[in-house]
Amino acid sequence: MINVERNAADMSERTSQYRIHTYSAAEAGLFVNSYLIETAEGVVLVDANLLLSDIRALAARIEALHKPLLGVFVTHAHPDHFNGLPVLAGDGVPVYAAAGVADTIAQIADAKRAQWQPVYGDEWPDGHRVPDRRLATGDTVELGSLRFTMHSVGAAESHADSYLMLEDRAFIGDLAFNGTHPYTADGHGDSWLMALDAVAEELDGATLYPGHGAPGGIGMLADQRRYLMMLRETVGRLAGGASRLTDAQREELTVVMTRFLPDAPLTWMIGLGADAVAAELAGAVDSGVGTAPTETVVA
Ligand SMILES: [Zn+2]
């Protein structure tokens with residue numbers, strides 16, 4: 001649950017002590033958001049972006065605030081949220097994540113690079129950094145005048161997800177994509193849906209800062225839930241119990257989901273995750289970290 005022990009006067013005073021800047025990548029960088037929380041004492045970064053051109057632009061944005069980077073949080077274990085860590089966080093800057101997120105990054109980062117550096121070339125960083133400050137649900141971190149609380153979620157959109165509270169603001173990573181087609185290729189649809197239900201209760205009244213798309217209310221969690229239900233229903237109908245879709249079925253799925261979420265970008269994500277969804281529905285998926293189909297592990 002959200003910590004609601006503070007009184008309203010305290011909250012408004014503390015809220016006036018920080019400002020949230022959003023850095024959003026372009027389409028090549030999956031529109032991924034990094035959030036900079038600026039206080040009098042320094043800056044806190046939430047999520048570290050994907051491609052080096054964006055990571056460098058984000059570094060310049062931090063530098064232009066002329067304040068020290070106090071710490072970095074990583075919401076979940078996907079490269080569009082952790083790739084920038086070695087560039088953005090100097091050795092003396094603590095990097096925080098839920099323990100499961102840190103463990104998953106340690107397990108997958110080299111494989112992700114081996115797979116995607118040939119595709120992205122110089123845009124993919126040569127190294128990675130595993131978050132060194134491991135947190136559990138309820139752990140708090142004080143940085144400057146700010147107090148953050150970690151909530152570990154477990155497998156949902158990725159193999160390990162979490163959200164981070166700052167007062168009544170929640171940095172939710174990719175628990176919900178707001179206005180784009182989501183990444184569904186890690187095959188945890190069941191647990192993602194359960195997480196959405198639980199988090200919607202926990203975050204009632206909060207402002208949500210998603211990993212992709214604009215901030216908003218908890219309605220984005222219900223929207224994500226409806227999308228996943230529609231996706232699973234359609235994949236199930238098309239696949240008929242098979243653990244893969246044919247190319248024609250994948251195209252039909254893309255038509256259906258594009259109609260469901262018209263004008264939304266990242267439509268290629270629909271086909272990308274289709275087989276993982278089919279495999280999960282068929283009960284054929286071993287959704288352990290090392291077993292995701294190799295073409296499906298970016299976001
Ligand atoms: Zn993402």
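Does Leu266 count as buried, exposed or partly exposed? Leu266 counts as partly exposed, because 19 C-beta neighbours lie inside 10 Å. A residue is buried if 20 or more other C-beta atoms lie within 10 Å of its own, exposed if 12 or fewer, and partly exposed in between, with C-beta atoms placed from the backbone.

1. Basis. This is a predicted model, in which local features need pLDDT of at least 70 and side-chain atom pairs count only at pLDDT 80 or more, while totals for chains, interfaces and linings use all residues. Residues are numbered from 1 along each chain as its sequence is written.

2. Overall content. The protein has nine helices and 11 strands; helices (H or I, at least four residues) and strands (E, at least two) are DSSP runs, numbered from the N terminus. Of its 299 residues, 45% are buried. Among contacts with a separation of 6 or more, 68% are between residues 24 or more positions apart. Two residues are in contact if their C-beta atoms, placed from the backbone, lie within 7 Å.

3. Two positive phi values. Leu266 has phi near 65 degrees, a positive value in a residue other than glycine, and lies in the loop between helix H8 (247-260) and H9. Glu167, in the loop between S9 and S10, has a positive phi near 55 degrees. Glu167 is buried, with 21 other C-beta atoms within 10 Å. Most residues other than glycine have a negative phi.

4. Strand S9 (residues 161-166) and strand S10 (residues 169-173) run antiparallel and are joined by three bridges; strands pair if DSSP finds at least two bridges between them. Leu166 has Arg169 of S10 as its bridge partner. Both strands belong to an open sheet of five, ordered S7-S8-S9-S10-S11, with mixed pairing. Its edge strands, each pairing on one side only, are S7 (140-143) and S11 (207-210). From one strand to the next, the twist averages 25 degrees.

5. Strand S2. Five of the six residues of S2 (residues 33-38) are buried, so this strand is largely enclosed by the rest of the structure. S2 pairs in the antiparallel sense with strand S1 (residues 19-24) over six bridges, and Ser24 stands opposite Asn33. S2 also pairs in the antiparallel sense with strand S3 (residues 43-46), over four bridges; Ile37 has Val44 as its bridge partner there. Four residues separate S2 and S3 in a hairpin.

6. Helices H7 and H9. Helix H7 (residues 219-239) packs against helix H9 (residues 268-281) at an angle of about 80 degrees, with the axes 9 Å apart. The two helices are therefore roughly perpendicular. H7 contributes Leu231, Arg232, Val235, Gly236 and Ala239 to the contact, and H9 contributes Ala274, Val277, Ala278 and Leu281. By class, these residues are seven nonpolar, one polar and one charged. Axes are lines fitted to C-alpha atoms, for helices over the stretch in contact, with angles from 0 to 180 degrees between N-to-C directions; 65 to 115 degrees counts as roughly perpendicular.

7. Nonpolar core. The largest nonpolar core has 83 residues, and Leu45, Val72, Ala97, Leu164 and Leu175 have the most contacts inside it. H9 gives the most to this core, with nine residues. Such a core is a set of buried Ala, Val, Leu, Ile, Met, Phe, Trp, Tyr and Cys residues joined through C-beta atoms within 7 Å. Not counting residues up to four places away in sequence, Ala97 touches Phe73, Val74, Ala102, Pro131, Arg134 and Leu135.

Key: Parallel < 35°, antiparallel > 145°, perpendicular 65-115°, else oblique. Nonpolar A, V, L, I, M, F, W, Y, C, P; charged D, E, K, R; others polar.
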